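Open the model in a viewer and keep the selection panel at hand.

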Amino acid sequence: MNRNATVWLWRAASFAVAASFIALWQLIANLKLVSPVFLPGPDRAWTSLVRGFSNGDLGNKLAGTLEHMAYGWLAASIAGIAIGAIIGSSRIMRTYVAPSLEFLRPLPVSAIIPVAIAMLGLTQAMALFVIAFGAIWPIMLATIHGFAAVEPRLYEVARSLQMSRLAVIFKVALPSASPDILAGMRLSLTVALILSVVCEILAGLDGLGHWVLLSARAFRSADLFAGVILLGLTGYVTSVAMSMAEHRLLAWQAAQR
Amino acid sequence: MTTDRAKEKAKALLLPLAVLLAFEAWARATHLQSDSLAPPSEIIMALAGAFADFSILTATRDTLFSAFAGLAIGTVIGLALGIAFGISDTLNRLMEVTVEAVRPIPSIALLPIALIALGFGYRMEIVIVAFACVWPILILSRAAVRSIEPRLMEVSRALRLPAAQRVWKIIIPAALPRIFVAFRLSAGIALIVAVTVEIAINPLGLGAGIMLAQQALRPDLMLAYLVWIGAIGYALNILLVVAQHRLFGRAALSGDSA
């Protein structure tokens with residue numbers, strides 16, 4: 001009980017510090033130390049946020065970004081786990097294919113955007129392809145790694161039980177690789193958000209990326225900050241949700257240890 | 001042993017070589033006319049051409065300059081905050097909400113802000129790269145400082161070292177292997193963010209080069225840029241991994257899991 005109280009006290013103090021930073025920001029804006037063209041006060045950003053939501057503009061843009069991110073990320077997750085499982089469960093694929101993938105890993109994925117534009121134009125399909133392509137790497141490599149790191153005795157058990165390859169993948173390898181896979185999916189979530197914003201900026205697709213760019217072009221700094229705050233919030237909420245999902249899904253492993 | 005490793009390497013090269021040859025053969029057989037694809041031989045010619053007129057070298061210099069300048073600034077800020085938060089638990093707890101509120105902002109979302117505040121050019125790119133690099137350095141150096149052997153800290157207290165010397169003589173050397181791991185991660189991020197900013201909006205460097213090649217409907221040049229960007233990313237990674245092993249040997253491996 002007592003320890004709980006101190007934890008809450010620290011939290012409250014920490015929130016107070018954050019609040020004082022916002023107050024400082026307000027002060028700087030009020031004193032016009034930085035031109036209001038670039039830096040709106042938190043009051044103006046908040047007003048813009050409320051106005052944007054009440055007339056539905058900002059809500060639509062947020063939904064657009066979330067949609068791009070979710071479709072791309074889900075496609076990447078399904079394809080990444082499937083391809084990773086195929087490569088990870090086969091020794092031949094691991095020697096011949098995995099090194100090429102490791103070689104491609106340090107490639108800045110955004111460099112694929114011009115190629116995707118050349119193939120698919122400035123379209124929704126281009127955005128989905130880019131997001132999925134960028135988000136697939138961490139998931140696929142984590143799956144391969146997770147499959148390679150499965151306790152060898154589990155494979156031996158599976159063999160002595162004469163399980164089929166599919167059964168081995170679903171009953172042995174996937175569950176035991178799930179911490180790696182989920183960690184890869186969490187990394188991919190950030191990648192998906194960043195690439196969604198970049199694609200929206202480039203292709204003018206409905207979303208927060210497009211919104212912040214238009215606001216910047218028109219020097220509507222309050223709208224711009226409202227968009228950036230929403231993007232930060234999106235990053236935060238999705239990562240918290242992913243942690244919670246990870247916690248839930250891996251509870252059985254924690255219990256086992 | 002060495003022949004075994006050579007054999008492994010040869011096996012690893014087999015697939016990319018086969019893919020390239022097949023693609024070349026297919027492109028020749030069908031007399032490929034495309035705005036988005038070009039056979040490997042043409043890509044190599046385009047790359048050679050871009051080297052010959054120095055355009056790709058200038059672009060590389062611009063990109064690497066922005067990436068490294070941003071990385072340097074981000075590292076200094078991240079390290080200062082990370083060490084401060086690592087030493088002082090009070091400070092760390094007080095700043096927790098602020099850090100957690102700012103950290104999830106995707107670096108690229110700052111692009112429009114940097115654009116209206118600083119305009120096109122090196123400065124806005126450097127600021128965005130620096131913002132992206134601060135966080136991994138901050139988080140990992142904070143963890144590194146916290147995991148320093150407590151007896152080392154006791155020694156520094158017994159010696160009554162002033163704070164600056166304690167940081168310089170005890171904390172930084174003890175945490176350096178893990179800090180270098182963070183630096184390696186951030187260097188990769190710096191290159192990615194720099195290229196991304198250039199592709200999205202900033203008219204300089206490799207990212208702008210590849211966009212220009214796409215808009216000029218030069219798939220050979222576009223793919224040449226892509227290959228070159230990949231090669232730079234790969235070389236940077238190898239360089240830093242080798243440096244890490246040379247400088248810290250096994251000591252650095254313990255930090256890799258963090």
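How much area is buried between domain 1 of chain A and domain 2 of chain A, and what share of it do carbon and sulfur atoms give? The model is predicted, and in it the figure is about 480 Å², with 75% from carbon and sulfur atoms.

**Stop 1: the two domains of chain A**

Select residues 1–33 of chain A for domain 1, then 38–256 for domain 2. Their C-alpha centres are 32 Å apart. Five residues of domain 1 of chain A and six residues of domain 2 of chain A take part in the contact.

Colour the domain 1 side by class: four residues are nonpolar, one is polar and none is charged. A search for salt bridges between domain 1 and domain 2 of chain A returns zero. Polar contacts between these two domains of chain A come to two residue pairs, counted with both residues at pLDDT 80 or more.

**Stop 2: the two domains of chain B**

Move to chain B and select 1–33 as domain 1 and 39–256 as domain 2. Here the C-alpha centres of the two domains lie 33 Å apart.

**Stop 3: chain B against chain A**

Display both chains and select the residues in contact: 45 from chain B and 46 from chain A. Between the chains, about 4100 Å² is buried, and carbon and sulfur atoms give 81% of that area. Within chain B, pick out B:L94, B:V97 and B:I116, which lose the most area to chain A and together make up 15% of what the chain B side buries.

Now look for charged pairs. Which side chains meet in a salt bridge, at 3.3 Å from N to O? Select A:R11 and B:E96 to see the pair. The count of salt bridges across the interface of chain B and chain A is one. Polar contacts across the interface of chain B and chain A number six residue pairs, both residues being at pLDDT 80 or more.

To see where the chain B side comes from, select its helices α1 (2–29), α4 (89–102), α5 (111–118), α8 (163–200), α9 (205–215) and α10 (219–248); each supplies at least two residues of the side that touches chain A. By class, this side of chain B holds 31 nonpolar, eight polar and six charged residues.

**Stop 4: confidence**

Colour by pLDDT. Chain A has an average of 88, with 98% of the residues at 70 or above. Among its elements, the highest mean, 93, belongs to helix α3 (residues 57–88) of chain A, and the lowest, 71, to helix α12 (residues 251–256) of chain A.

For chain B the mean is 87, and 96% of the residues reach 70 or more. Helix α3 (residues 55–87) of chain B has the highest mean there, 94, while helix α11 (residues 250–256) of chain B has the lowest, 52. Finish at residues 254–258 of chain B, where the pLDDT is below 50. Beyond near neighbours in sequence, that stretch of chain B has seven contacts in the model.

Key. Residues numbered from 1 in each chain as written. Chains lettered and ligands numbered in written order. Heavy atoms only, no water. Domains from an automatic or database assignment. Contact = heavy atoms within 4.5 Å. Buried area = accessible area lost by both parts, 1.4 Å probe. Salt bridge = Lys/Arg side-chain N within 4 Å of Asp/Glu carboxyl O. Polar contact = N/O pair within 3.5 Å; in protein donor to acceptor, adjacent residues only side chain to side chain. Helix = DSSP H or I, 4+ residues; strand = E, 2+ residues; numbered from the N terminus. Nonpolar A, V, L, I, M, F, W, Y, C, P; charged D, E, K, R; others polar. pLDDT = per-residue confidence, 0-100.
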